[in-house]
Amino acid sequence: MSKLRPTPRAPGLAPEVEEIPLGIRRAAAWSWRLIVVVAASALIIWGLLEITTLVIPVLIAVLLASLLTPIVKLLTRYTFLGRGAASGIALLGLLLVISGMFTLAGRQLLAQFADIQDKAVTGFQSLTQWATSTFQIDAPMIDAAIDEGLTQLQANSDQLVTGALGTAAVFGNVVTGIVICLFTLFFLLSGGAGIWRWVVGLLPPAARVPTHEAFRRGWKALSAYMRTQILVAAVDATGISIGMIALSLGQYAVPIWLLVFLFSFIPLVGAIISGAIAVLLVLVLNSWIAAIIMLVIVLAVQQIEGNVLQPFLMGKAVELHPLAVFLGVAAGAMIAGIPGALFSIPLLAFLNATLLYVVGRDPSPDLGLDKAGAAHFAALTRRSTGSGGASAEDARPAILASLSGLKPAGRRSASAGAASVGAPAAGTAPTGAEGSGGAGSGGAVTATATRESDPAPGAHGSDGDRSGSAAEAPSPEEQPSREEPGHEQGPPREGGA
């Protein structure tokens, strides 16, 4: 009958650690690693928030590059233009479209500015008369309120000057950001592939191709996000413009469409600002009843855009659940404000596609394998290996010289004895396999040193035998007697080197 024995303790495990349950030890190991990851992520986010003037333009350039890259590829493939010229034309076209939109909206508003001004004055007077008659406010009370407002402005003139200087600084940062964005966009369009391959080349050779393929999936998801965002913005602007036409304000439909379209790319705040401008414009040009109707139209369009188009179209394009889209925007706004809300969904789309590929669930199997990229990384690996091999060959004579003076240990382990069964017994001439001793540290390099230093290679193994074993197995009489483990063997023999 067998007796129960306690489970042996792992070697090197202290008794006080052994008393802790295994689940607690594993949870503690995961916990401190997660703490390190969270701390590193927080440090990276804090550093990025400190240089937002540089980071935000670069991220905007990346989004625009994902949108304009297909256009550059078309120009390069079907025209005589090179990559740089096609990138310049695409960038110039983007600038023309944006400036044209602002110019068209500005001209429409300037053409109706006199009418807007007259109706604004008339509407303000009507609002003042209505407030006076409704709330029994007489003229002296209104004059006193105006005087009080002027007094407060004079008292806070220093703060107003400081605010104006801050606004000028913000304007300077905006101009700097635009310049950085345009330069970054041009170089991403003209040489983005080379920049990315250089970055991937810094990784270990085994990780280059998987990283490149995962990035291709993420880039495709990012491009789908930009196309879907443009579609959602166009639908939102079209709905509000139709409302302007229905209220007999069709001459302002184009400026409102452009305004709402541009502001739709600013999450949360952009929709509020563009809707408020549309409602105020209707209030000034028409009546308060029409303004209420316009407010209802704006709210309806924004609800449809936020609860139907944005989650489902965007979720389908980037393969994210609507809840993930909503929580991503909220988390981005909490961490980095409006820029965080703007870049949260693109970042989630990119990470989702890359991680799906890493775990083996390819989100875009139609992309296949980038053979050109794989060939580039293979050539880069061969160049690196070739330079390393040359240095190893240069160091080989020094290694062999240092190995020639080595002597085997006085006691062989059981595994070493098993590996050298074909060796002769004590007192016989050593064979080529024992040129550097039987301690198990010889290997192929030692055998090579033995062959190169022995003037009679025929006494050893064949030239093609890299393990240093004899060409023919010894006879049974020459076999060494097997000893029990731990039994003392004969004195060590000098190496054949």
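This is a predicted model: local features need pLDDT of at least 70, side-chain atom pairs count only at pLDDT 80 or more; totals for chains, interfaces and linings use all residues.

Student: Pocket first. Which residues lie nearest the centre of the second largest pocket?

Tutor: I60, I98, L262, F265 and I266 do, out of 44 lining residues. The space inside comes to about 1600 Å³.

Student: Which helix gives the most to that lining?

Tutor: Helix 4, with 10 residues. Others that supply at least two include helix 3 (52-78) and helix 12 (322-358). By type, the lining has 37 nonpolar residues, 7 polar and no charged.

Student: And the largest nonpolar core: which of its residues touch the most other members?

Tutor: Among its 24 residues, those are I240, M244, Y252, I256, L281, V282 and M294. Helix 10 (269-285) and helix 11 (288-318) are among the helices that supply at least two residues of this core. Take V282: leaving aside neighbours within four places in sequence, its contacts include M244, L249 and M294.

Student: How many aromatic pairs are there?

Tutor: The structure holds 5. Planes under 30 degrees apart count as stacked. The rings of W196 and F215 have planes at 20° and centres 3.9 Å apart, so this pair is stacked. W196 sits in helix 7 and F215 in helix 8, 19 residues apart.

Student: Why does the pair W257 and F261 count as stacked?

Tutor: Because their planes are at 5°, with ring centres 5.2 Å apart. W257 is partly exposed at 26% relative accessibility, while F261 is buried at 13%.

Note on methods: Residues are numbered from 1 along each chain as its sequence is written. Side-chain values use heavy atoms; hydrogens and water are left out. On a 1 Å grid over the protein atoms alone, a cavity is a set of points where a 1.4 Å probe fits but cannot get out, and a pocket is an open set with protein on both sides within 12 Å along at least five of seven lines; lining residues have an atom within 4 Å of a point. Grid points are joined across faces, edges and corners, and a volume is the space filled by probe spheres set on the points. Helices (H or I, at least four residues) and strands (E, at least two) are DSSP runs, numbered from the N terminus. Ala, Val, Leu, Ile, Met, Phe, Trp, Tyr, Cys and Pro count as nonpolar, Asp, Glu, Lys and Arg as charged, and the others, Gly among them, as polar. A nonpolar core is a set of buried Ala, Val, Leu, Ile, Met, Phe, Trp, Tyr and Cys residues joined through side-chain atoms within 4.5 Å. Buried means under 20% relative accessible area, exposed over 50%, partly exposed in between (1.4 Å probe, protein chains only). Contact means heavy atoms within 4.5 Å. Rings of Phe, Tyr and Trp (its six-membered ring) pair if their centres lie within 6.5 Å; planes under 30 degrees apart count as stacked, over 60 as edge-to-face and the rest as tilted.
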